[in-house]
Amino acid sequence: MKSNPQKYLRKHLGYLGDVKGKRVAVLLGSSGRKAIPLALIGASVTVVDISEENQRYALEVAKEAGVEIEYIVSDVFEIDIGKFIHSYDVVYLEGGILHYFADLDSFARIVYDLLKTGGRLVLNDFHPIRKFIQYTEDQGIEIKGDYFDSRLFEGAVAYKSMFPLSEQSEFPDCLLRFWNMGEIISSVAACGLVIEQLTEEPRADGNHFLPGSFTLVANKFIVQK
Ligand SMILES: C[S@@+](CC[C@H](N)C(=O)[O-])C[C@H]1O[C@@H](n2cnc3c(N)ncnc32)[C@H](O)[C@@H]1O
């Protein structure tokens with residue numbers, strides 16, 4: 001990370017722009033794998049994540065990397081918005097985010113409030129096509145599921161499969177809501193952000209004729225009506 005922080009930010013650097021000296025909020029920022037590289041290239045970074053264990057890990061890595069990050073352990077819906085309102089140049093979220101939220105409009109409103117005027121949202125997540133196209137090594141590509149399903153599903157906590165089986169039984173499940181593209185774009189637009197671009201990226205597993213993820217960039221402008 002120290003020798004090549006840019007590598008950890010991959011193609012997102014192009015969307016984030018020059019973050020040196022900028023305030024960046026990494027929501028659901030987990031182990032700091034994006035926040036620490038951002039700090040290494042000169043951003044002032046705040047992570048919000050619900051997990052105390054993630055905080056501990058991220059702060060230890062940040063210390064080893066020789067940078068400081070602010071790490072707030074909280075449900076993102078419960079942050080003291082008054083304390084952080086209009087504070088950030090960039091709000092950045094990536095890699096497994098929106099399915100944790102049962103209310104996307106309220107989440108978009110939080111992002112809007114965190115951003116300064118002129119600030120930008122960079123949101124990268126799994127492509128909603130996964131709602132009805134699934135891939136497994138044995139079965140290959142299968143079309144199953146309902147793109148318009150709005151129910152909550154019980155699912156595993158992220159990275160659960162990386163723990164020993166004996167520990168996995170202790171993990172609680174979480175409720176997941178899989179949003180479709182129209183719902184995602186509508187929530188971001190409805191909160192007042194102006195969508196600049198939506199890029200769809202191919203799957204990384206060899207099925208590159210299918211989308212795997214998307215990146216949405218939206219800006220907070222003063223809109224003259
Ligand atoms: C799959 S990770 C997202 C990827 C992440 N950007 C990374 O760097 O690995 C999901 C994270 O969201 C956090 N999380 C889930 N729901 C949350 C919520 N309501 N508020 C804050 N954090 C939440 C989890 O603790 C977990 O670290």
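Q: What counts as a strand in this predicted model, and where does F209 lie relative to strands?
A: A strand is a DSSP run of E with at least two residues, and strands are numbered from the N terminus. F209 lies in the loop between β10 (194–202) and β11 (211–219).

Q: Why is F209 called exposed?
A: Exposed means over 50% relative accessible area. F209 has 59% relative accessibility, so F209 counts as exposed.

Q: Why is R177 called buried?
A: Buried means under 20% relative accessible area. R177 has 7% relative accessibility, so R177 counts as buried. This residue is found in strand β9 (residues 174–177).

Q: What makes the pairing of R177 and E183 a polar contact?
A: For a polar contact, the N or O atoms must be within 3.5 Å. The side chains of R177 and E183 are joined at 3.1 Å. R177 also has a polar side-chain atom 3.2 Å from the backbone oxygen of S150. Leaving aside neighbours within four places in sequence, the residues in contact with R177 include L98, H99, F101 and K131.

Q: Why is α6 (104–114) described as largely enclosed?
A: Eight of the 11 residues of α6 are buried, so the rest of the structure largely encloses this helix. Among the buried ones are L104, F107, I110 and V111. Their cover includes β1 (23–27), α5 (81–84), β4 (88–94), β5 and α8.

Q: What makes D103 a cap for α6?
A: A side-chain oxygen of D103 lies 3.2 Å from the backbone nitrogen of D105, at the N-terminal end of α6.

Q: Which residues of helix α8 (residues 181–190) are buried, and how do you know that they share a side?
A: They are M181, I184, S187 and V188. These residues cover an arc of only 140° around the axis, which puts them on the same side of α8. In general, an α-helix has 3.6 residues a turn, so residues three or four places apart point the same way. The cover over the buried residues of α8 includes α6, β5 (115–126), β10 and β11.

Q: What is found at the N-terminal end of α8, and what comes just after this helix?
A: N180 caps the N-terminal end, with a side-chain oxygen 3.2 Å from the backbone nitrogen of G182. Just after α8, G192 takes a positive phi of about 110°.

Terms used:
Residues are numbered from 1 along each chain as its sequence is written. This is a predicted model: local features need pLDDT of at least 70, side-chain atom pairs count only at pLDDT 80 or more; totals for chains, interfaces and linings use all residues. Side-chain values use heavy atoms; hydrogens and water are left out. Helices (H or I, at least four residues) and strands (E, at least two) are DSSP runs, numbered from the N terminus. Buried means under 20% relative accessible area, exposed over 50%, partly exposed in between (1.4 Å probe, protein chains only). The arc is that of the directions from the helix axis to the C-beta atoms. Contact means heavy atoms within 4.5 Å. A polar contact is a pair of N or O atoms within 3.5 Å; within protein, one must be able to donate a hydrogen and the other to accept it, and residues adjacent in sequence count only if both atoms are side-chain atoms.
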